[in-house]
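Please keep the sequence and the 3D view at hand while reading.

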Amino acid sequence: MFFKRLTSLVGMALWAGLSLCAQDVRISYEAVGKNYLLKADNTSYYPYTIQIMFTKLTGASALSQGVPYIYVSGHGSNRLLTLKRETEEVPIGFAYQTRIYKGNWKMDSDSSYVYLPPVAPGKEVYVRTLTALEDFFRKKKPTKVTGLAFRMNEGDTVYAMRGGLVCEVCQHQASDALQKEKTKIYARTENYVVVYHKDGSFATYKLFKENGVFVKPGDKVEAGMPLGVIGAGNYRQGSHLRVQMSGCFRDSDKEYAIEGRGYHSFVPVLATDEKKTCKPYPGTVPVFTAQHPQSLIMKEMTRREKQQYLKNLKGKR
């Protein structure tokens, strides 16, 4: 899901308007008087981290050659920076390279954050860890946890474990639309929802029923909000929800990482009630009754959002 793309662009004062496309992000620049404005147009709802390195820079102030400029682009048009002309006599000339990374690589994710269980309050939660496919098929001892599996019944509602922004939705490629026999362990095509959190982490919820997703890209969801209904009735282990948490952490030794950060999967801490938590590990199957404490639902809300939430809650009683 997370990747980096290396591109390069050479620009001089006479070439205004030349642009570069990379995945969902389009980098361009334009002349504004005697200056140049660099822009990023992001057609997706994913945040993208853009790193610009000037390999040549003459006649412009405020930036240095060889020093990276880093900007996190949200949805829509983003003003990256302006190259300002230093003197009337010397026109601006520049050449630069860009690296574009999906996600917010400037922020450290919080692996200790407590998440709601994604099942309805009052229902029993059975959760186990998912590991790399090569470990599963080779029957090796798990070396890497890639996500969590929550036991559900087909048609059960899936709830957001944390508030955030819906980045991507797929609800027309469920494998159970092609095969109903309970033979599958893994399928390459499934319906899913990706939610971006305030700390730069992502949650990917998988195995929704065909046309069973309630949200769309760009929607803001609150913790405990319904996302859709589960499918996966053709899996050998029965209907279940798969959740992968991916966060950006300052522990990467990859050469393309920004400031030593890198994205990878992590196991979330789950709320078992108002005060207690658990963190699933390989070989364990925690079982508890799901609760959605108000304190966790409202934890990341603004004051106005809390007031509206409590008002809506009062109106339902």
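The model is predicted. It holds 13 aromatic pairs and 12 salt bridges. The disulfide count is zero.

**Aromatic pairs**

- The ring centres of Tyr29 and Phe94 lie 5.0 Å apart with the planes at 75°; planes over 60 degrees apart count as edge-to-face, so this pair is edge-to-face.
- Tyr29 belongs to strand S3 (residues 25-32) and Phe94 to strand S9 (residues 93-102), so the pair links distant parts of the chain, 65 residues apart.
- Both partners fall under the 20% cut-off for burial: Tyr29 is buried because its relative accessibility is 2%, and Phe94 is buried because its relative accessible area is 0%.
- Tyr113 and Tyr115 make another edge-to-face pair, with 5.2 Å from centre to centre and 70° between the planes.
- Tyr113 and Tyr115 are both buried.
- One aromatic cluster is formed by Tyr46, Tyr101, Trp105, Tyr196, Phe202 and Tyr263.

**Charges over rings**

- Arg162 places its charged end over the ring of Tyr113, at 3.6 Å from the ring centre.
- Arg151 lies over the face of Tyr126, and the distance to the ring centre is 3.7 Å.

**Salt bridges**

- Side chains of opposite charge can pair when their charged atoms come close.
- Arg162, which sits over Tyr113, also forms a salt bridge with Asp199, where the closest N and O atoms are 3.2 Å apart.
- This bridge links distant parts of the chain, 37 residues apart: Arg162 is in the loop between S13 and S14, and Asp199 is in the loop between S15 and strand S16 (202-206).
- Arg162 is buried at a relative accessible area of 2%, and Asp199 is buried at 9% relative accessibility.
- Arg261 lies in the loop between strand S20 (240-249) and strand S21 (262-266), while Asp108 lies in the loop between S9 and strand S10 (114-115); the two are 153 residues apart.
- Arg261 is buried, with a relative accessible area of 5%, whereas Asp108 counts as partly exposed at 36% relative accessibility.
- Lys123 and Asp156 form a salt bridge whose closest N and O atoms are 3.1 Å apart.
- Lys123 is in the loop between S10 and strand S11 (124-131) and Asp156 in the loop between strand S12 (145-151) and strand S13 (157-159), so their pairing ties together parts that are 33 residues apart in sequence.
- Lys123 is partly exposed at 37% relative accessibility, but Asp156 is buried at 16%.

**Ser175 in its loop**

- Ser175 is found in the loop between strand S14 (164-170) and strand S15 (192-196), and is buried with a relative accessible area of 3%.
- Leaving out residues up to four places away in sequence, Ser175 touches Lys184, Ala187, Thr189, Glu190, Asn234 and Tyr235.
- Ser175 and Ala187 are 12 residues apart in sequence, and their C-alpha atoms are 6.6 Å apart in space.

**Cysteines**

- With a cut-off of 2.5 Å between cysteine sulfur atoms, zero disulfides are counted.
- Cys170 counts as buried at 15% relative accessibility, and Cys278 counts as buried at 18%.

Methods
Residues are numbered from 1 along each chain as its sequence is written. This is a predicted model: local features need pLDDT of at least 70, side-chain atom pairs count only at pLDDT 80 or more; totals for chains, interfaces and linings use all residues. Side-chain values use heavy atoms; hydrogens and water are left out. Rings of Phe, Tyr and Trp (its six-membered ring) pair if their centres lie within 6.5 Å; planes under 30 degrees apart count as stacked, over 60 as edge-to-face and the rest as tilted. Helices (H or I, at least four residues) and strands (E, at least two) are DSSP runs, numbered from the N terminus. Buried means under 20% relative accessible area, exposed over 50%, partly exposed in between (1.4 Å probe, protein chains only). A charge sits over a ring if NZ of Lys or CZ of Arg is within 6 Å of the ring centre and within 35 degrees of the ring normal. Contact means heavy atoms within 4.5 Å. A salt bridge is a side-chain nitrogen of Lys or Arg within 4 Å of a carboxyl oxygen of Asp or Glu.
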